[in-house]
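Please keep the sequence and the 3D view open while reading.

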Amino acid sequence: MKTKDSIPGPKAMRVINTMKKHAYDSTFMYSLVVSHGHNCIIEDVDGNKYLDFTSNIGACPLGYSHPDIIETLAQYSSNGTYKIAGQDFYCQEHANLAENISTILPEGFKTFFINSGAEAVENAIKIAYKKMGPLPGISCIGAFHGRTLGALSFTFSRPAQKHNFPEFPSKRIKFCTRDDDPEIDAAENLLKENKVAFILTETIQGEGGYNVASKKFISNLRKVATRYGVPLILDEVQSGIGHTGKWWAFEHYGIKPDIMSTAKALQIGATAFDKKFDPGQRSVLSSTWGGGNRIDMAVGSKVIDVIKRDKLLDNATKMGRILKNGLSELVGKKGIIDVRGLGLMVGVEFDSAVHRDKKLTELFKHGLLTLGAGQKSMRIIPPLIITKEQINEGLYIMHKVLMHV
Ligand code: PLP
């Protein structure tokens, strides 16, 4: 990508300075100030163009200005009733999305829509507590389930996210990435001794560093959850809706959850649950905007349609393979420790956080957007529409930047 010599440019600097003065400095990584985008390219406010290997952490699976999405958005340009109290009043978009998502969910699942990923997890654990009572929940070291206090109690990715915040009772187990891990039976050992409300995990840890769970680990969790009558909650907020080359990352493991959460690529949060976990009582769950954000629900439904129509799951699998193969050539050289992932969710682990952060910024200056994950990994999660030429262009930039110390 061609970028200008001085980044950030003057318009970007004005936005950043205003933010520094008036807004909380959260997790901004480098000085990208987004203006607009097309396909897999994002343009900043000064006219610099970047190839996007982040899809905004999976939230833009069709890239930018996709014609089907633009057409959907246009339908709302003169509809002033674009947001309603969607758990109090019905609307067509709510029904459409509930019906459409049911075609990709396990048979018999129902959904509850909500604003964000954290709230999707929050409602998943509430559904489990409702059935099981206020018992501790099990989650994994390195997990990220969001920042609302309930979800945060089961997040164990970075100390800064948790320090001084009160917590729900929890039990932590190791997230095993190898079948021969000596701690692979930790959940069963816990369940023999303790009553718990749920087991909550990702199958590929997102914020935790794109760590892929071992097959045996996930199948053990499924078996022991069933044996001890404990719901298995799978968090698909980042991995769901196609980025791993399947609708849900758990499909790589040949198992199903009892309850699950998704968001990002769906444009809104969703908690989905097997009917046997239906709270079965009105007003246990609700929210003003959950189910009421009509534009987001219409776009989310269109995202599912386009992924189906354009066979983007196959594209994610094929492009992910090229990406992973191209990056694997770097392992063992210049401080690159590991390359791993599923489909178009690929992590590159560095020898240190300082090295990783330096390379993220250099890639940005060379016109390639990537993000950090975990202690010292880089996450790559391009839009599902990415082409072979764009993957190769990104690989070219990565080889150039990562091999130059
Ligand atoms: N769960 C997972 C696996 C996530 O990756 C995230 C966000 O990165 C969340 C939950 C929280 O989602 P949100 O930021 O929409 O609240």
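This is a predicted model: local features need pLDDT of at least 70, side-chain atom pairs count only at pLDDT 80 or more; totals for chains, interfaces and linings use all residues.

The numbered points below go through the ligand site, the salt bridges, some backbone details and a surface patch.

1. Which residues are around the ligand? They are Ser-116, Gly-117, Ala-118, Phe-144, His-145, Gly-146, Glu-202, Asp-235, Val-237, Gln-238 and Lys-264. Sorted by class, this shell holds 3 nonpolar, 5 polar and 3 charged residues.

2. On the side-chain side, an N or O atom of Asp-235 lies 2.7 Å from a nitrogen atom of the ligand. The backbone takes part as well: a backbone N or O atom of Gly-117 is 2.8 Å from an oxygen atom of the ligand, and a polar backbone atom of Phe-144 is 3.4 Å from a ligand nitrogen atom. How much of the ligand does the protein bury? The ligand taken alone exposes 390 Å², and the protein buries 80% of that.

3. Salt bridges in general. Side chains of opposite charge can pair when their charged atoms come close. How many such salt bridges are found in the whole structure? The search gives 17. The next points take up some of them.

4. Arg-158 and Glu-207. The side chains of these two residues form a salt bridge, with an N to O distance of 2.6 Å. Arg-158 is in the loop between helix H6 (149–152) and strand S6 (170–173), while Glu-207 is in the loop between strand S8 (204–205) and strand S9 (211–212), so the pair ties together parts that are 49 residues apart in sequence. Are the two partners buried or exposed? Arg-158 counts as partly exposed because its relative accessibility is 33%. Glu-207 has 11% and therefore counts as buried, the limit for buried being under 20%.

5. Glu-349 and Lys-376. A salt bridge joins these side chains at 2.6 Å, N to O. The pair links distant parts of the chain, 27 residues apart: Glu-349 belongs to strand S14 (residues 345–350), and Lys-376 to the loop between strand S16 (371–373) and strand S17 (377–380). Glu-349 is buried, with a relative accessible area of 16%, and Lys-376 is partly exposed, with 25%.

6. Asp-338 counts as partly exposed at 27% relative accessibility, whereas Arg-340 counts as buried at 14%. This pair should be read together with the one in the previous point: Asp-338, Arg-340, Glu-349 and Lys-376 are linked in a network of salt bridges.

7. A cis peptide bond. Which residues does a cis peptide bond join? The bond is between Ile-7 and Pro-8, with omega at about 0°. Pro-8 is found in the segment before H1.

8. Tyr-210 is not a glycine, yet its phi is positive, at about 55°. Tyr-210 sits in the loop between S8 and S9, which is also the loop given for Glu-207. With 0% relative accessibility, Tyr-210 counts as buried. Lys-334, likewise a residue other than glycine, has a positive phi near 45°. Lys-334 is in the loop between helix H10 (312–328) and strand S13 (336–342) and is partly exposed, with a relative accessible area of 43%.

9. Thr-387 and Lys-318. How many residues apart in sequence are Thr-387 and Lys-318? The separation is 69 residues, and in space their C-alpha atoms are 9.7 Å apart. Thr-387 is placed in the loop between S17 and helix H12 (388–402). At 32% relative accessibility, Thr-387 counts as partly exposed.

10. Val-15, Met-19 and Phe-28 make a nonpolar surface patch of about 280 Å². Where does Phe-28 lie? Phe-28 is in the loop between helix H1 (10–22) and strand S1 (34–38). Why does Phe-28 count as exposed? Its relative accessible area is 55%, and the limit for exposed is over 50%.

Key
Residues are numbered from 1 along each chain as its sequence is written. Side-chain values use heavy atoms; hydrogens and water are left out. Patches are made of residues with over 30% relative accessible area and no salt bridge: like charges are joined within 9 Å, nonpolar side chains (Val, Leu, Ile, Met, Phe, Trp, Tyr) within 5 Å. Accessible areas come from the Shrake-Rupley method with a 1.4 Å probe; for residues, only the protein chains shown count as cover. A salt bridge is a side-chain nitrogen of Lys or Arg within 4 Å of a carboxyl oxygen of Asp or Glu. Helices (H or I, at least four residues) and strands (E, at least two) are DSSP runs, numbered from the N terminus. Buried means under 20% relative accessible area, exposed over 50%, partly exposed in between (1.4 Å probe, protein chains only). A residue is near a molecule or strand if one of its heavy atoms lies within 4 Å of it. A polar contact is a pair of N or O atoms within 3.5 Å; within protein, one must be able to donate a hydrogen and the other to accept it, and residues adjacent in sequence count only if both atoms are side-chain atoms. Ala, Val, Leu, Ile, Met, Phe, Trp, Tyr, Cys and Pro count as nonpolar, Asp, Glu, Lys and Arg as charged, and the others, Gly among them, as polar.
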